[in-house]
Amino acid sequence: MEFLSAALLGLLLASILPLFFFFSFRDGIKHDGDNNTTTAVIDSKIPSGNDVRRADSSDDLDVIVVGAGVAGAALAYTLAKDGRKVHVIERDLSEPERIVGELLQPGGYLKLIELGLEDSLKGIDAQQVFGYALFKDGNHTRLAYPLDKFDSNISGRSFHNGRFIQRLRQKAAALSNVKLEQGTVTSIVEEDGTVKGVQYKTKNGQELTSYAPLTIVCDGGFSNLRRNLCKPQIDIPSCFVGLVLENCKLPLENHGHVVLADPSPILLYRISSTEIRCLVDIPGQKVPSVANGDMARYLKTVVAPQLPPELQAAFIASVEKGNIKSTTNRSMPAAPHPTPGALLLGDAFNMRHPLTGGGMTVALADIVVLRDLLRPLSNLNDADALCNYLESFYTLRKPVASTINTLAGALYQVFCASPDPARKEMREACFDYLSLGGVFSSGPVSLLSGLNPRPLSLFCHFFAVAIYGVTRLLIPFPSPKRIWIGVRLITGAAGIIFPIIKAEGVRQMFFPATMPAYYRAPPMQ
């Protein structure tokens with residue numbers, strides 16, 4: 001029996017490699033058509049002084065940052081602290097109201113400390129998060145962050161997104177070499193293939209142009225500037241419907257809660273000492289109508305019964321209160337067009353499903369990488385040399401970004417309900433695998449938290465879940481039906497993760513040191 005089990009395990013592992021190549025290289029040229037994109041947002045040359053007025057009389061700006069969300073505001077502060085003169089242009093400087101971007105993983109909090117921005121979480125009633133509670137069919141398991149080796153203040157944080165952004169903006173604006181301005185960037189100014197700055201309208205409608213050696217676009221998931229700086233391949237797998245629950249407690253305080261509901265997961269976490277955010281995932285791009293009452297009926301009849309009992313009354317009360325918001329969940333792999341004088345960052349550059357709360361962690365980690373690359377440079381005026389040098393950014397960011405991106409996409413598909421027996425078994429196996437404790441829970445949670453950005457570890461854990469599911473099917477008696485389900489479970493797992501890995505870039509993700517850009521040295525100055 002032991003020999004049979006070992007042989008079976010070897011066979012399953014051996015099947016992964018050919019599946020990897022099949023899914024990695026299938027339809028390898030299908031994205032070539034994406035080059036037919038509009039270029040309306042780039043001016044072909046610098047406008048003359050008669051067209052628009054310069055935003056600054058001085059010519060010593062170093063960087064223009066488009067957007068002052070989490071990425072833009074944190075970036076502006078970071079570059080200004082290094083002595084750069086930064087002009088930040090944000091469409092709306094009032095406090096944003098969002099239902100995502102409210103949970104910062106421990107890995108992201110460590111990056112916030114590295115940037116000197118940890119006090120941005122003070123005074124906004126942010127809540128510590130020490131892990132997750134996972135619920136399925138009346139059962140639950142606790143998944144703790146592996147924080148034993150860190151100080152007691154290191155943990156995740158959850159909060160009102162708008163409050164956090166306002167604190168970041170205040171930190172940036174307090175620096176004398178940061179100009180934070182409300183305005184709408186209408187186009188990127190380009191000359192001979194090099195970005196020179198941006199055109200924008202102030203809140204008073206005045207058209208201005210700002211020039212700098214480097215323009216960094218951080219204008220969010222709905223960016224209207226990204227198309228000329230990358231090859232956007234946006235997928236919208238689902239929508240979030242958001243509510244705020246009051247006057248109740250979570251089953252496990254200071255933990256994020258994930259309910260493996262039908263048809264897809266439900267998330268709950270504190271955003272203040274008195275409020276709990278509830279995010280209901282609805283597959284597809286359409287949600288029931290709020291106006292005609294379909295949404296309220298759906299939430300009360302389909303969603304509420306699947307929540308932990310202690311939260312159901314507060315959930316129904318929130319539905320009846322009527323403050324229901326929704327947003328599309330977008331994913332987009334990073335596919336940059338290296339452009340002299342310009343760079344993308346944040347959700348404008350790279351998105352993943354928000355199920356795992358990894359977006360801010362990726363953005364802050366990217367800022368650390370970019371800061372370290374720019375630090376040796378006394379000026380940024382040689383656009384071509386700078387562009388060539390900054391190609392290393394796309395490789396150096398991969399360990400953190402690709403781990404979190406891949407996990408988010410894969411976990412969302414596994415956690416969604418399905419009538420397919422193989423997908424059902426994969427979902428069951430994932431819950432039971434995480435419930436085993438020890439390395440079986442700490443390993444995946446360390447990946448999700450951003451504390452262990454190792455793509456190979458993610459790959460191994462993902463297929464360990466699949467093999468665990470197959471083993472359960474074949475013990476004690478492997479019937480033909482169970483064997484067939486096991487085969488489909490393995491191929492289904494490969495079909496989930498390999499397309500995501502392909503989009504991330506196999507070589508950059510697993511073998512970054514083989515990329516020439518990995519070794520780029522700063523240009524001579």
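1. Let's start inside the protein: helix α9 gives the largest share of the lining of the largest cavity, five residues. Keep in mind as you look around that this is a predicted model.

2. That cavity holds about 340 Å³ of space, and 24 residues line it. If you want to find its centre, look for L407, L411, F415, L434 and P444, the lining residues that lie nearest to it. Besides α9 (398-415), the elements that give two or more residues to this lining are β7 (131-136), α10 (421-435), α11 (439-448) and α12 (455-474).

3. Now follow helix α13, which runs over residues 480-504. Its 25 residues reach 36 Å from the first C-alpha to the last, close to the 36 Å expected at 1.5 Å a residue. Among its buried residues are I485, L489, I496, I500 and E504. After α13 comes G505, with a positive phi near 105°.

4. Side chains of opposite charge can pair when their charged atoms come close. A search of the whole structure finds 23 salt bridges. One of them joins E90 and R169, with the closest N and O atoms 3.7 Å apart. E90 sits in strand β4 (residues 86-90) and R169 in helix α4 (residues 161-173), so this pair ties together parts that are 79 residues apart in sequence. Both E90 and R169 are buried.

5. Another salt bridge pairs E97 with K325, the closest N and O atoms being 2.8 Å apart. This pair links distant parts of the chain, 228 residues apart: E97 is in the loop between β4 and β5 (103-104), while K325 is in strand β18 (residues 325-331). Is E97 buried or exposed? E97 is exposed, at 67% relative accessible area, whereas K325 is partly exposed, at 30%.

6. Finally, K179 forms a salt bridge with E181, their closest N and O atoms 3.7 Å apart. K179 counts as partly exposed at 31% relative accessibility, but E181 is buried at 14%. Elsewhere, salt bridges with shared partners join K111, E114, R371 and D372 into one network.

Notes. Residues numbered from 1 in each chain as written. Predicted model: local features only at pLDDT ≥ 70, side-chain atom pairs only at ≥ 80, totals over all residues. Heavy atoms only, no water. 1 Å grid on protein atoms, 1.4 Å probe; cavity = no way out; pocket = protein on both sides within 12 Å on 5 of 7 lines; lining within 4 Å. Points joined across faces, edges and corners; volume = space filled by probe spheres on them. Helix = DSSP H or I, 4+ residues; strand = E, 2+ residues; numbered from the N terminus. Expected span 1.5 Å × (residues − 1). Buried < 20%, exposed > 50% of the residue type's maximum accessible area, 1.4 Å probe, protein only. Salt bridge = Lys/Arg side-chain N within 4 Å of Asp/Glu carboxyl O.
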